[in-house]
Amino acid sequence: MTDDTAVQGRPATGPAPAAPGAVRPAPAPAAPGGALARVAVPLGVLGAVAAAFAYVGSVDPNTPGHYPACPLLHYTGVYCPGCGGLRSAYAVAHGHLGTALGCNALAVAGYVVFAVVWTVWFGRRARGRPFEPVLRPAYGWALGALVLAFTVVRNLPFGGALIP
């Protein structure tokens, strides 16, 4: 080893560590409108979701002819995990949580998860922090198993409470 930094016990590549007591430079001030720019995407997503709920809330899915029928239910008679989701959203938009749970409990759980994740996302972006959720493969498998179990149970005779 002929490099002097390697001889002194520091790695031969990369910057030297900061001296003890060194003062770091202050971060650059945020540009005007920076806070609004940071939360623009979360607010846009919230606006799109609110518009979708407003539309479903104004056009009753219980009235035939406004929305297409579920193809899986129509052709096979099997309830998919999304069956009753529009009726559930309609009930949530009108403040009827019990009816929403009866239409599609999995969809209501999804609405709650979205609200929590969106709130964390918005809060982190508003403070200028990154939002990088780490979804481990086990979470994906668990979610898939939950959706599969919900679908199977709602199509069995004892799962009649889960039918919309």
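Predicted model: local features only at pLDDT ≥ 70, side-chain atom pairs only at ≥ 80, totals over all residues.
The side chain of Tyr67 reaches the backbone oxygen of Val59 at a distance of 3.0 Å. Tyr67 itself lies in the loop between helix H3 (40-58) and H4.

**Around Tyr67**
- Tyr67 counts as partly exposed because its relative accessible area is 21%, while buried means under 20%.
- Not counting residues up to four places away in sequence, Tyr67 touches Tyr55, Val56, Val59, Asp60, Pro61 and Leu86.
- Take Leu86 from that list: it sits 19 residues from Tyr67 along the chain, and the C-alpha atoms of the two are separated by 9.0 Å.

**A pair of cysteines**
- How many disulfides are there? The count comes to zero.
- Cys70 is in no disulfide, and the nearest cysteine sulfur, that of Cys83, is 3.5 Å away.
- As a reminder, a disulfide is a covalent bond between the sulfur atoms of two cysteines.
- Is Cys83 buried or exposed? Cys83 has 5% relative accessibility, so it counts as buried.
- Cys70, on the other hand, is partly exposed, with a relative accessible area of 22%.

**Gly77, in another loop**
- Gly77 can be found in the loop between helix H4 (71-76) and helix H5 (85-93).
- The relative accessible area of Gly77 is 44%, so this residue is partly exposed.
- Which residues does Gly77 touch, not counting those up to four places away in sequence? They are Leu72 and Asn155.
- Gly77 and Asn155 are 78 residues apart along the chain, yet 9.2 Å separates their C-alpha atoms.

**Asn104, a buried loop residue**
- Asn104 belongs to the loop between helix H6 (97-103) and H7.
- With 1% relative accessibility, Asn104 counts as buried.
- Its side chain reaches two backbone atoms: the oxygen of Pro81 at 2.9 Å and the nitrogen of Leu106 at 3.1 Å.
- Leaving aside neighbours within four places in sequence, Asn104 is in contact with several residues, among them Gly82, Cys83, Ser88, Phe150 and Arg154. Cys83, the buried cysteine, therefore turns up again here.

**A patch on the surface**
- Leu36, Leu43, Leu46 and Phe114 form a nonpolar patch on the surface.
- Together, these four residues have about 340 Å² of accessible area.
- Where is Phe114? It is in helix H7 (residues 105-126).
- Phe114 is partly exposed, as its relative accessible area is 33%.

**The whole chain**
- From the N terminus on, the elements run α-α-α-α-α-α-α-α.
- The protein chain has 164 residues, and buried residues make up 16% of them.
- Of the contacts between residues at least 6 apart in sequence, 54% join residues at least 24 apart.

Terms used: Residues numbered from 1 in each chain as written. Heavy atoms only, no water. Patch = residues over 30% accessible without salt bridge, like charges linked within 9 Å, V, L, I, M, F, W, Y side chains within 5 Å. Areas by Shrake-Rupley, 256 points an atom, 1.4 Å probe, with all protein chains shown as cover. Salt bridge = Lys/Arg side-chain N within 4 Å of Asp/Glu carboxyl O. Helix = DSSP H or I, 4+ residues; strand = E, 2+ residues; numbered from the N terminus. Buried < 20%, exposed > 50% of the residue type's maximum accessible area, 1.4 Å probe, protein only. Polar contact = N/O pair within 3.5 Å; in protein donor to acceptor, adjacent residues only side chain to side chain. Contact = heavy atoms within 4.5 Å. Disulfide = S-S within 2.5 Å.
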